[in-house]
Amino acid sequence: MHWHDDELISEEETQPSKKNWRIISKLLPYFKKYKIKIIIASVLLLFSTLLTLLGPILIKRVIDIEIPQKNMQGLLIIAFIYLVVQLFIILVRYFQEIEIQKVGERAIADLKSDLFEQLLHIPVAHFDKNPVGRLISRVDSDTETLKFLFSQTAVVLIQNIALIIGMSIVMMVVNLRLYLLILFMLPIFLLIFWWFERSVRPVYLAVRKKVAEINSYIIETLHGLPIVQIFQQETNFLKKINTLGKEKCTVEIKALSYWYRIWCFVDLGEVIGIILVLGIGGMWALHGAITIGTIFLFISYITRLFGPLRRLSDQVNVIERAFASAERVFQVLATKREGKEQEKELVKSLRTHITFKDLSFYYENENWVLENLNFKIKKGERIALVGETGGGKTSIIALLLKFYEPQKGTILIDDTCISKINRNSLRAMIGFVPQDVILFPGSIMENLRLFDEQISPRKVIEAATRACIHDRICKLPKSYDTNIIEQGVNLSFGERQLLSYARALVFDPDILILDEATSSVDPESERLIQVGMKELLKDRTAIIIAHRLTTTRLADRVLVIHKGQLIEQGTHAELLSAEGYYHKLYKLQYLSVVR
Amino acid sequence: MKSISAFWKKKKLWLLFLISFTLVKTIIVLLFPYILKDIIDGIEKGFAEQKLLHFVLLLGVLGVFRALFSTLLPYSRGRLNEIFLVEERTSLFSKILSKGHSFTNRFPAGDVLQRLDHDLSELSWFACSGIFRPVVAVITVLVALVFMVDINLWLTVLAVLPSTLAIFSWLKISPYEYRYYHSWRDKMAKVNNYLQSSFSGIKLVKSYTMEKKNHRQFKNILVNRIEAAFKVIKIETLIHTLFTAIEEIGIVFILLFGGIFIMRGNITIGEFIAFNAYIIILLDPMITIGHFFVSKKRAEVQNERLEEVKDYSVDIEDKGKVKNIVVEDISMSNVSFKYSKDVPLILKGINLRIPITKKIGLAGTVGSGKTTLINILMRTIDPTEGEVKIGTFNIKEISLEKLRALYGYVPQESSLFSDTIGNNILFGRKCSAAELSRVIKLAQLADFIKRQPKGLDELIGEKGLKLSGGEKQRIAIARAILKKPKILILDDATSNLDAETERELVNQLSATPDTTLIIISHRLSILSVCDYIYTIDNGVIVEQGTHDALLKKKGLYCRLYQHQLIEEELKK
Ligand SMILES: Nc1ncnc2c1ncn2[C@@H]1O[C@H](COP(=O)(O)OP(=O)(O)OP(=O)(O)O)[C@@H](O)[C@H]1O
Ligand SMILES: Nc1ncnc2c1ncn2[C@@H]1O[C@H](COP(=O)(O)OP(=O)(O)OP(=O)(O)O)[C@@H](O)[C@H]1O
Ligand SMILES: [Mg+2]
Ligand SMILES: [Mg+2]
């Protein structure tokens with residue numbers, strides 16, 4: 001599958017940015033709410049981590065003092081202290097770990113919710129360019145990776161910093177010379193980490209990109225499954241998913257190889273540390289400069305330092321993965337929303353007319369879809385838009401709903417330009433039945449009232465009756481509680497259209513827009529609907545798009561849109577006598593039948 | 001977990017490599033404290049500097065090997081995880097590709113995605129890394145025990161004794177773990193589904209200003225998910241903590257009894273220190289083994305969720321053996337159908353004949369069962385009763401591949417893929433440029449494609465959302481024609497075309513002499529090109545005949561037809 005790369009939600013950005021700190025600083029606000037919990041947990045973490053330093057000190061004492069002195073009582077006391085300290089640590093850790101993870105879970109849920117809200121508010125044009133699967137992976141899996149950054153990586157980081165500082169102090173006190181000996185390893189490590197960080201980021205971005213691609217492909221295939229089967233394309237689809245999978249596998253393995261290269265250095269570091277302590281420290285010990293207990297202490301500290309790092313061994317790519325994800329997540333959050341609206345004018349209902357003035361529009365590449373449209377719709381008027389397919393009828397509606405902004409000209413509601421009108425108040429005034437039926441998972445009732453519990457079932461039933469779908473719904477085993485599966489696959493196509501139409505009626509809009517709302521409805525039902533509509537549309541404005549001229553017969557005025565231009569307008573009778581495009585359509589649809 | 005064992009059966013060499021090198025690596029790791037012991041005891045006794053350096057050198061050499069192995073092994077495991085992931089995804093996908101309508105009814109797309117993404121990637125971590133971690137751990141424990149027993153049997157027993165507790169406590173906790181994890185996964189799928197539907201329906205969300213409400217709903221779903229996650233967090237931390245505690249008690253035992261043993265002269269200080277090192281080395285494997293049970297339970301859940309998808313009924317069994325069929329008249333006798341057990345029949349005792357090369361029309365009210373009938377014909381669903389025959393063969397006897405090859409189908413709803421216009425028309429088939437342009441002309445697409453800046457290479461967006469309704473339908477028609485089917489089915493496929501384009505298209509299609517054409521339409525004027533028309537109402541064929549004959553009958557067909565005429569027309 002191919003996708004445009006939207007400049008704002010781009011997958012292509014595999015350039016590593018040096019913005020780690022910026023990313024973290026953007027992430028921080030999500031944790032602010034849980035400041036107190038985090039502080040308590042961190043203090044507990046620091047405390048328990050520092051306490052673990054006590055263990056080797058106690059054992060050193062046993063080796064250096066109690067054993068040579070054969071002090072049984074002292075041994076017992078130290079063993080007891082050790083036990084108490086360790087149990088205490090474990091208890092503290094238990095609560096701290098749970099708290100940290102809970103906070104992580106909560107904060108990420110907040111982030112998810114923000115992301116979702118953001119995506120609901122970005123312009124529709126982004127949805128043209130980004131497959132749903134890609135957007136889902138932004139909200140779902142990308143944020144999930146960030147959770148790990150907090151609840152695992154951050155913990156290990158704090159732990160290790162505390163360990164390094166604490167150990168340094170203890171080691172310095174116990175034996176400064178030996179400590180300085182191993183200290184010189186530190187800069188080498190920092191250097192290696194820096195190199196790693198730089199080289200691996202693009203690889204992880206590439207991994208995330210592939211994941212999103214695979215997910216989009218899966219979703220799309222699932223939606224088109226019957227078609228794939230009937231056209232016997234199973235092998236091709238299988239091949240494609242296999243290729244995508246292999247591509248992902250390759251980048252993933254590349255990332256792994258980076259990771260394990262650094263891992264090798266870490267392991268070597270530990271060995272070098274131990275060898276230094278044993279070799280040089282052992283030499284000193286032979287000369288009596290230090291005790292065996294000291295050597296023990298140093299060695300066990302070194303192993304303890306590398307321990308937590310090692311535990312992450314199979315999954316630590318988390319950090320890099322998380323930064324790659326974070327970049328994508330914040331890219332979405334930084335995307336410009338549909339314009340700010342608060343200060344704009346609110347509209348309640350149409351007072352006089354809608355004016356389309358010099359309207360020109362293209363979606364992309366200056367491929368003009370509408371050119372210089374001029375017309376007025378009076379309040380209470382019923383307008384039909386007809387014309388060649390691809391002529392631009394749906395696009396006109398999209399502009400009226402402020403899904404897109406026209407490049408030239410404007411649309412005026414009464415005398416206010418819609419760019420100055422509050423978007424939501426404008427949309428609330430309009431009942432829109434889109435050309436493609438959209439249904440949500442949920443019951444029929446929920447779909448009709450769009451999950452708004454305040455709308456009474458009676459009102460819904462009334463609307464359904466008007467739309468000629470009430471009887472059909474009642475025939476279903478669970479009637480209005482029937483669940484709609486996956487955009488309505490358990491209903492016939494015509495039934496879905498009728499539901500979509502009924503929904504618009506439930507909301508009792510001031511302006512009703514029907515975009516091919518009854519194109520797959522049989523003529524008898526359509527006639528019944530029209531009877532209901534006539535009564536409903538009193539004092540209401542309606543824009544009806546249809547190819548079937550029977551659908552448009554209700555209209556007071558017909559506008560013929562051809563290749564983005566208004567070529568004819570007038571009443572049905574006027575247009576017929578004009579013998580233009582409308583007349584031709586009419587003849588084709590009716591006269592030729594009579595033969 | 002069949003998939004995992006099958007994977008390893010194929011990768012025996014890798015298995016051998018991993019196990020043997022794991023063994024070598026473990027021994028190297030465990031030699032460390034042993035040498036440490038000798039060094040410490042040497043220092044204690046004050047041996048020659050020369051000897052100390054030898055020992056340290058030996059340690060260094062072992063260290064290099066240790067570093068090498070302990071990166072090479074996890075790397076290979078990680079690699080295998082990925083390979084497993086690819087293979088398993090492909091195999092699952094191939095299973096999904098054969099599923100029928102009941103699968104779609106049962107699993108929303110978001111749910112399936114969740115399984116193929118999260119569940120599968122975690123399962124594949126388990127398939128290799130997850131399984132090998134405890135293997136490494138067990139080997140470590142066993143080899144360490146050998147070394148430890150070699151030093152002192154009683155101290156070993158004392159150090160290991162508390163671990164038995166771990167097994168006991170595990171048995172008590174594990175059922176909860178399993179349950180919580182399951183419910184957490186389900187909640188995750190809910191989130192995914194919700195995202196899926198909101199983003200797909202974004203235009204509706206916006207035009208009905210549902211943004212706030214949707215955001216609220218989403219938050220609620222998230223809250224449910226968080227609650228489920230908390231339970232998992234609590235129980236997993238508990239398990240983890242228990243194992244650590246038990247191990248720490250082991251260390252205390254060593255400290256205490258080890259100290260006593262030294263004082264009594266049973267062991268040396270070097271041995272004591274080595275013991276300490278061993279028990280710390282053992283800590284990790286113990287946690288790993290403990291964690292293995294957690295991850296195994298999880299993997300079981302994941303596996304179960306994947307198998308559920310994999311093993312779900314395909315609806316249609318491809319058992320037919322007949323491969324070379326001559327297309328003859330198609331007939332349905334006494335066909336009835338319902339979508340599931342507890343719902344009423346959708347089709348009731350349908351009998352019809354579709355003579356070869358004839359043009360057949362299907363008319364009827366909304367929801368009368370036309371699309372269902374077509375699906376039975378193409379065998380995407382099997383009738384509950386009755387049979388469908390092509391010539392003398394029941395279609396169940398014909399291999400699915402051959403049967404489906406007969407049909408070209410234009411579905412009622414948009415069914416395009418996010419690819420270029422050209423690829424959507426070709427849809428995996430190859431054909432000559434001349435043929436392609438013939439098809440494009442036939443589908444009335446030539447003008448439209450000429451207008452596109454990139455022509456056939458223009459991208460159309462998800463489900464073709466960058467196209468107008470009529471453009472989508474025409475591309476779908478082109479796709480079906482290009483297949484050169486023996487039987488072409490148009491299911492309300494011209495509903496979004498203007499009369500001019502529609503008329504042109506239908507006239508051309510009905511002029512192909514050797515194709516059987518089945519047209520479903522609510523625009524009855526189109527059906528006048530058909531040789532024979534069936535009218536369906538409520539799952540029953542109520543009328544049949546030619547267009548003219550049906551009009552004369554003054555039944556449902558005539559009524560529908562008359563509704564379509566504009567008043568003036570009626571007056572004439
Ligand atoms: N999101 C989009 N991005 C780019 N081009 C688009 C987009 N939507 C529509 N178009 C193009 O704009 C033109 C007008 O489309 P529109 O949907 O307005 O036609 P229409 O009059 O509604 O046709 P129909 O009757 O077939 O529905 C078409 O050529 C179409 O390909
Ligand atoms: N997957 C399904 N599961 C359960 N019921 C279904 C399913 N698909 C369709 N139905 C029901 O079966 C009946 C017949 O549907 P069908 O799609 O065959 O009607 P149709 O004649 O094609 O109607 P239309 O003209 O609206 O396309 C409808 O009442 C519908 O609700
Ligand atoms: Mg349109
Ligand atoms: Mg249908």
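Predicted model: local features only at pLDDT ≥ 70, side-chain atom pairs only at ≥ 80, totals over all residues.
Visitor: What should I know before reading the numbers?

Guide: Residues are numbered from 1 along each chain as its sequence is written, chains are lettered from A and ligands numbered from 1 in the order written, and side-chain values use heavy atoms, without hydrogens and water. Local features need pLDDT of at least 70 and side-chain atom pairs count only at pLDDT 80 or more, while totals for chains, interfaces and linings use all residues.

Visitor: Which strands does β4(A) join, by bridges?

Guide: Strands (E, at least two residues) and helices (H or I, at least four) are DSSP runs numbered from the N terminus. Two strands pair if DSSP finds at least two bridges between them. Here β4(A), residues 408–413, is joined antiparallel to β1(A), residues 353–362, by five bridges, with A:F356 opposite A:I411. Two bridges also link β4(A) to β5(A), residues 416–417, again antiparallel, and A:L412 faces A:C417 there. The hairpin of β4(A) and β5(A) has two residues between the strands, and A:D414 in that turn has a positive phi of about 55°.

Visitor: How is the size of an interface often given?

Guide: It is often given as the accessible area lost when the parts come together. Buried area is that loss for a 1.4 Å probe, summed over both parts. Between chain A and chain B it is about 16500 Å², and carbon and sulfur atoms give 67% of this. On the side of chain A, A:F116, A:I230 and A:F231 lose the most area to chain B, together 5% of what that side buries. Counting contacts (heavy atoms within 4.5 Å), 177 residues of chain A meet 180 residues of chain B.

Visitor: How many salt bridges are there between chain A and chain B?

Guide: A salt bridge is a side-chain nitrogen of Lys or Arg within 4 Å of a carboxyl oxygen of Asp or Glu. The count between these chains is eleven. One of them pairs A:D140 with B:R225, whose closest N and O atoms are 3.6 Å apart. Helix α10(A), residues 234–286, gives the most to the side of chain A that touches chain B, with 29 residues.

Visitor: Where does ligand 2 lie?

Guide: Ligand 2 lies between chains A and B. A residue is near a molecule if one of its heavy atoms lies within 4 Å of it. There are 19 residues around ligand 2, and A:S492, A:G494, B:T371, B:T372 and B:Q412 come nearest. An oxygen atom of ligand 2 is 2.6 Å from a backbone N or O atom of A:G494. From chain B, a backbone N or O atom of B:K370 lies 2.7 Å from an oxygen atom of the ligand.

Methods
Buried area = accessible area lost by both parts, 1.4 Å probe. Polar contact = N/O pair within 3.5 Å; in protein donor to acceptor, adjacent residues only side chain to side chain.
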